[in-house]
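Have the sequence and the structure at hand as you read.

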Amino acid sequence: MSDVLSVQRLVPSPPEPIFDLLVDPAGHAAIDGGGTVQGARSGGRRLALGDRFGMDMHLGVAYSTRNTVVELEENRRIAWQTTAAGAPGVVLGGRIWRYELEPVEGGTLVTESWDLTEEKWPSKPVVKVAMGASTRRNMERTLARIEELVTSSDVGAQDPSAAS
């Protein structure tokens, strides 16, 4: 496996509602296909480049992460770098979660990437081997959840004549 794992899905929606889900940490538990995100410590706000936010997580045991928005282009791209909270963050973490939104015929091509190029060396080999296959599956589920959320909330919104 390379250091970057990506999955794509064509979501029948414009990019704006998809981006709105991604840019608010409060919605991350609803879209998490792996079920590890329990809730945001600072949700209900729109993230900006350089913002930091915490997440309560659970994967066998409860833990928390610190995340920093490292890329942001309105309605096109958002990425945050994740490290373990507290002292473990010195040796654990550094992976980047990235979402790229490309408007195409039929909706938006959404690419989610799990980028380990900045993962700290003590955790990188373990994370790569132990989590690679499950991460791909979870990312596919995440994109499906995003589609479910934006298409269920957009019923009739794209075609005003559909409501009449």
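## Aromatic pairs

W114 has a relative accessible area of 0%, so this residue is buried. Keep in mind that you are looking at a predicted model.

Three aromatic pairs are counted in this model. In one of them, the ring centres of W80 and Y99 lie 5.7 Å apart with their planes at 35°, so the pair is tilted. Because W80 sits in strand β5 and Y99 in strand β6, this pair ties together parts that are 19 residues apart in sequence. Both W80 and Y99 are buried. W97 and W114 make another tilted aromatic pair, with 6.3 Å from centre to centre and 40° between the planes. Here too distant parts of the chain are linked: W97 belongs to strand β6 and W114 to strand β7, 17 residues apart. As for clusters, F53, W80 and Y99 form one.

## The nonpolar core

Which residues touch the most other members of the largest nonpolar core? Among its 26 residues, they are I18, L22, I78, Y99 and I146. At least two core residues come from each of β1 (4–11), α1 (15–22), β3 (52–59), β5 (77–84), β6 (93–104), β7 (107–115) and α3 (124–153). The largest share, five residues, is supplied by α3.

## One side of helix α1

In α1, the buried residues are P15, I18, F19 and L22. They lie on the same side of α1, because they cover an arc of only 100° around the axis. As background, an α-helix has 3.6 residues a turn, so residues three or four places apart point the same way.

## Salt bridges

The whole structure contains eleven salt bridges. In one of them, the side chains of R45 and D51 meet at 3.3 Å, N to O. R45 counts as partly exposed, at 28% relative accessibility.

E74 and R46 also meet through their side chains in a salt bridge, at 2.4 Å, N to O. Since E74 lies in the loop between β4 (61–73) and β5, and R46 in the loop between β2 (37–40) and β3, the pair ties together parts that are 28 residues apart in sequence. E74 is partly exposed at 42% relative accessibility, and R46 is partly exposed with a relative accessible area of 42%.

A further salt bridge joins the side chains of E71 and R98 (2.9 Å, N to O). E71 is in strand β4 and R98 in strand β6, so parts 27 residues apart in sequence are tied together. R98 counts as buried, at 10% relative accessibility. Through shared partners, salt bridges join E71, R77, R98, E100 and D115 into one network.

Conventions:
Residues numbered from 1 in each chain as written. Predicted model: local features only at pLDDT ≥ 70, side-chain atom pairs only at ≥ 80, totals over all residues. Heavy atoms only, no water. Core = buried A, V, L, I, M, F, W, Y, C linked by side-chain atoms within 4.5 Å. Buried < 20%, exposed > 50% of the residue type's maximum accessible area, 1.4 Å probe, protein only. Helix = DSSP H or I, 4+ residues; strand = E, 2+ residues; numbered from the N terminus. Phe/Tyr/Trp six-rings, centres within 6.5 Å; stacked < 30°, edge-to-face > 60°. Arc of directions from axis to C-beta. Salt bridge = Lys/Arg side-chain N within 4 Å of Asp/Glu carboxyl O.
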